[in-house]
Amino acid sequence: IMIDGGRVVTRNAQDIERGDTGPRAPVPSLRFPAYLRHCRRQRRLSLRQVEKLSEEYPERVSNSYLAYCETGRLLPALGKLITLARVFGVPLQSFTERIEMDQEVAAPPDLGPGATWSQMRAAGIAQAEAGHLASAHVCFEKALTMAAGDGDAETDLRIDLAIVLKRMSRHYTARDLLEGIVSRKGLDPARIDRALILLADVFREMGKLTLAAMIGREAMQRAARLGDRAKEAHAACLVGNALYDMGDIGDAIPLYEKAVRFFRENGDTASLVCNMANLANCLARDARGARFNEGIRLFNEAEMLARRMGFNRQIADIHCYLGQAYMLHGSPARAE
């Protein structure tokens, strides 16, 4: 299957296997072909070696077929993708996410010939804030190309990309980016901590809660050693989220309390409202019911702050939490 200006063209894969070299429509982007080539080279395999290894699986991949895929002239069928994922030892989702992104084509804004990477990054941030995530992703990729050679800028832009990918639910691609950042030597510790916190949140959204909590605790300890209380508070919130998802509400409470104290002291209202709601949710769910009323009071305070700041999404979250709390404590009418 190939994509040609929105038109889907299906070719007989057997033609490729037989060496058919007729014209082919290119895929919209070369993100997936480049990743496919990267996976093969990382395993130090030639095209013919991949073909030989693929013979162990139901869907064989010939070296010519793989060459077409790596140069963007062909999108592999699902069976071939499964084989390649097994040969390269990567999750199938790492392939499918990149194929999906290749088909979400968006052009970066034209900022003129004298545009800098920082201007392109600013355009990406504006696109992300407006909810245009595919356009933001393209802007950050373009800025990354423009910033080549500037190590700190490249790291910041990769983190920007990971944030957008996470919002797009492209968790495997975001994970790969962040793992690449935290494994680099000589990187600024503050940037490593930022990447670690984001990586832990990606793992939490992937359902890998134990791993998320472990990485979050490491980020929290690193931030404490560096005296960065803001990052320490954000990491505490993240670990609390992972523990809450695991059912360890009692262990999550002191972490949320720690985060609430910091954000209250430093006037970070957006983070304060979020953490107050998380803490209130834990208190209201106390199995003994001893802190239920305390949780309700905290919900009310969080809602008042959210209304003052116009944080409508947080208000909705608070009402959802309140409804669940009232249901748990036998008040279905108030929950409704």
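This predicted model holds one cavity of 30 Å³ or more. The largest cavity has a volume of about 40 Å³, while the largest pocket contains about 1400 Å³ of space and the second largest pocket about 690 Å³. The chain that carries them is built from 18 helices and two strands.

**Cavity**

- The residues lining the largest cavity are Arg31, Met101, Glu104, Ala134, His137, Val138 and Met168.
- Helix 8 supplies three residues, the largest share of the lining of this cavity.
- Sorted by class, the lining of the largest cavity comprises four nonpolar residues, one polar residue and two charged residues.

**Largest pocket**

- About 1400 Å³ of space lies in this pocket, and 31 residues line it.
- Lys166, Asp201, Arg204, Asn241 and Cys274 are the lining residues that lie nearest the centre of the largest pocket.
- Two or more lining residues come from each of helix 9 (151-167), helix 11 (189-205), helix 13 (229-245), helix 14 (249-266), helix 15 (269-284) and helix 17 (312-328).
- Helix 15 gives the largest share of the lining of the largest pocket, with eight residues.
- The lining of the largest pocket divides into 14 nonpolar, seven polar and 10 charged residues.

**Second largest pocket**

- The second largest pocket holds about 690 Å³ of space and has a lining of 28 residues.
- Nearest the centre of the second largest pocket lie Tyr35, His38, Arg98, Asp176 and Leu177.
- The elements giving two or more residues to the lining of the second largest pocket are helix 2 (31-42), helix 6 (92-103), helix 8 (133-146), helix 9 and helix 10 (171-182).
- By class, 13 nonpolar, seven polar and eight charged residues make up the lining of the second largest pocket.

**Chain as a whole**

- The C-alpha trace spans about 70 × 50 × 40 Å along its principal axes.
- Of the 336 residues in the chain, 46% count as buried.
- The chain exposes about 16900 Å², and carbon and sulfur atoms supply 50% of that area.
- Among contacts between residues at least 6 apart in sequence, 56% join residues at least 24 apart.

Technical notes: Residues are numbered from 1 along each chain as its sequence is written. This is a predicted model: local features need pLDDT of at least 70, side-chain atom pairs count only at pLDDT 80 or more; totals for chains, interfaces and linings use all residues. Side-chain values use heavy atoms; hydrogens and water are left out. On a 1 Å grid over the protein atoms alone, a cavity is a set of points where a 1.4 Å probe fits but cannot get out, and a pocket is an open set with protein on both sides within 12 Å along at least five of seven lines; lining residues have an atom within 4 Å of a point. Grid points are joined across faces, edges and corners, and a volume is the space filled by probe spheres set on the points. Helices (H or I, at least four residues) and strands (E, at least two) are DSSP runs, numbered from the N terminus. Ala, Val, Leu, Ile, Met, Phe, Trp, Tyr, Cys and Pro count as nonpolar, Asp, Glu, Lys and Arg as charged, and the others, Gly among them, as polar. Buried means under 20% relative accessible area, exposed over 50%, partly exposed in between (1.4 Å probe, protein chains only). Contact means heavy atoms within 4.5 Å. Accessible areas come from the Shrake-Rupley method with a 1.4 Å probe; for residues, only the protein chains shown count as cover.
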